[in-house]
Amino acid sequence: MKTYDLVIRGGTLVTVNGIRRADVAVVDERIVAISPELSGGAQAVIDAYNLHIFPGVIDAHVHFNEPGRTFWEGIASGSSALAAGGATAFFDMPLNAHPPTIDAASFAEKLAAAEASSYVDFGLWGGLVPGNIEQLDELAERGVVGFKAFMSNSGIEDFQAVDDATLYQGMQRSAQLGRLVAVHAENDQLTAALAQEARTQGRVGVQDYLASRPVVAELEAIERAITFARETGCALHIVHVSSGRGVRLVASARAQGVDVSCETCPHYLVLTEEDMVELGALAKCAPPLRAVDEQAALWQHLFSGTLPMVSSDHSPAPFEMKERPDFFEAWGGISGCQSLLALLLTEGYHRRHMPLSLIAAATSEFVARRFQLPPYKGRLEVGADADFALIDLSATYQLQSHDLFYRHAHSPYVGRDFRGRVVRTLVRGRTVFLDGKIMGPPGGHFLQPFPLIPSLESI
Ligand SMILES: [Zn+2]
């Protein structure tokens with residue numbers, strides 16, 4: 001008789017290939033058997049008869065701001081929020097930590113901080129900024145997921161936007177290193193000039209901010225980044241695409257053989273410009289929230305698979321930084337990583353009948369494949385890490401600020417009605433979140449991509 005470390009009984013497995021009821025057995029952090037009825041003993045058993053078992057969310061885009069700005073968030077609180085939201089891994093952005101992750105020394109600081117306090121597994125982004133092309137090699141060697149660059153002002157002094165030459169040369173180098181470049185795509189000259197004009201005329205409200213960052217600023221920057229990717233052969237990822245037209249540009253370049261992908265974020269899927277007017281700086285982000293037609297187009301792309309990834313872009317800050325009479329001065333960034341999966345279940349599955357397997361693909365499997373995680377991540381199958389989110393799909397609740405694990409318990413989703421609750425999260429077979437509580441101690445592992453990222457045809 002076999003003895004397993006853990007058996008999860010009777011749950012409904014959600015995989016990219018479909019949904020089925022099965023028992024799942026775990027030994028040494030890995031899934032060793034999946035079967036309708038497993039016999040054999042187990043040291044621990046979880047009853048999941050009324051639950052759905054999702055592959056743990058891999059959130060490719062968060063800002064936990066440690067070291068240096070942990071009073072904004074921190075890895076312990078941020079990874080707790082992720083665990084509470086059903087995530088089992090994250091990739092932390094090179095800003096707004098201080099120092100930003102742009103060379104070997106700053107990478108070492110970030111790695112040490114995450115190893116000490118993350119409750120879930122993690123990867124780290126390196127930064128591409130003017131003046132650090134020489135440092136890309138040492139960052140790649142240490143295992144960064146890829147390099148993040150801003151095509152517009154990041155808002156943070158110590159992380160400068162790339163000029164075209166830096167982006168072009170950085171992509172040349174990244175291509176040689178087999179690493180992907182991710183860009184925040186907005187045309188800086190256009191957005192800066194429009195903002196400047198509005199502010200000189202004393203127009204500093206939410207609508208004025210929205211008008212200063214039109215969709216065309218995003219489209220132009222995406223096209224320019226794609227041109228550089230086509231020319232350099234560098235794999236490109238466009239973060240937080242806010243418009244259906246932006247996704248279309250990426251999809252058509254990909255159809256022509258350019259190695260480019262994109263993600264959107266829950267806030268673009270569930271909030272619009274009107275919500276930004278109503279919620280104020282809680283819902284301030286860049287690119288900004290869009291009109292309903294762009295939002296509808298994003299959902300269509302998500303359904304058709306042309307938009308294959310959803311990440312949170314969790315970008316927290318103390319609420320006081322958002323209280324400014326001039327909306328341009330209010331600190332932007334949306335706190336949302338805890339609600340990523342729940343929003344897709346509520347608004348995607350329940351409201352729009354999005355298939356659960358598509359949600360699993362967009363939040364886990366595609367992320368693991370695109371960023372070349374080891375093959376045992378992002379999959380619910382024998383041989384894979386036992387990373388699960390156990391979900392009660394029919395549970396309904398209204399999100400309260402005391403439910404949030406963020407250092408600053410604000411979010412545009414507080415007060416919102418949800419359907420689908422994360423009951424339990426397991427990282428490599430260990431429960432890290434159960435019934436509203438984080439189960440310690442932290443024990444996240446550092447995840448490195450394989451040396452070469454795959455071409456899109458192979459994923
Ligand atoms: Zn971001």
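By class, the lining of the second largest pocket comprises nine nonpolar, five polar and three charged residues, where Ala, Val, Leu, Ile, Met, Phe, Trp, Tyr, Cys and Pro count as nonpolar, Asp, Glu, Lys and Arg as charged, and the others, Gly among them, as polar. The model is a predicted one, in which local features need pLDDT of at least 70 and side-chain atom pairs count only at pLDDT 80 or more, while totals for chains, interfaces and linings use all residues. Residues are numbered from 1 along each chain as its sequence is written, and side-chain values use heavy atoms, with hydrogens and water left out.

The second largest pocket holds about 300 Å³ of space. A pocket is an open set of points on a 1 Å grid over the protein atoms alone, with protein on both sides within 12 Å along at least five of seven lines; a cavity is a set of points where a 1.4 Å probe fits but cannot get out, and lining residues have an atom within 4 Å of a point. Grid points are joined across faces, edges and corners, and a volume is the space filled by probe spheres set on the points. Of the 17 residues lining the second largest pocket, Ala84, Gln338, Arg421, Val422 and Phe433 lie nearest its centre. Strand 15 (residues 417-427) provides the largest share of this lining, four residues; strands (E, at least two residues) and helices (H or I, at least four) are DSSP runs, numbered from the N terminus.

In the largest pocket, the space amounts to about 840 Å³. Its lining consists of 35 residues, with Asn153, Ser154, Gly155, Arg213 and Ala286 nearest the centre. Strand 10 (146-150), helix 5 (188-200) and helix 6 (206-212) each contribute at least two lining residues, and helix 5 gives the most, with six. The lining of the largest pocket divides into 12 nonpolar, 16 polar and seven charged residues.

One cavity of 30 Å³ or more is present in the structure. The largest cavity has a volume of about 40 Å³ and is lined by Pro55, Gly56, Ile58, Thr88, Ser364, Lys377, Gly378, Arg379 and Asp387. Two of these lining residues are nonpolar, four polar and three charged.

An open sheet is formed by five strands in the order 9-10-11-12-13, with parallel pairing; two strands pair if DSSP finds at least two bridges between them. Strand 9 (126-127) and strand 13 (260-262) are the edge strands, each pairing on one side only. Within the sheet, strand 11 (residues 180-184) is joined to strand 12 (residues 236-238) by three bridges in the parallel sense, and valine 183 stands opposite isoleucine 238 of strand 12. Helix 8 (residues 244-255) packs on the sheet and touches strands 12 and 13, its direction making about 155° with that of strand 13. Axes are lines fitted to C-alpha atoms, for helices over the stretch in contact, and angles run from 0 to 180 degrees between N-to-C directions.

Strand 11 also contains valine 181, which counts as buried because its relative accessibility is 0% (buried, under 20% relative accessible area; exposed, over 50%; partly exposed, in between; 1.4 Å probe, protein chains only). Leaving aside neighbours within four places in sequence, valine 181 is in contact (heavy atoms within 4.5 Å) with Phe147, Leu167, Met171, Ser174, Cys234, Ala235, Leu236 and His237.
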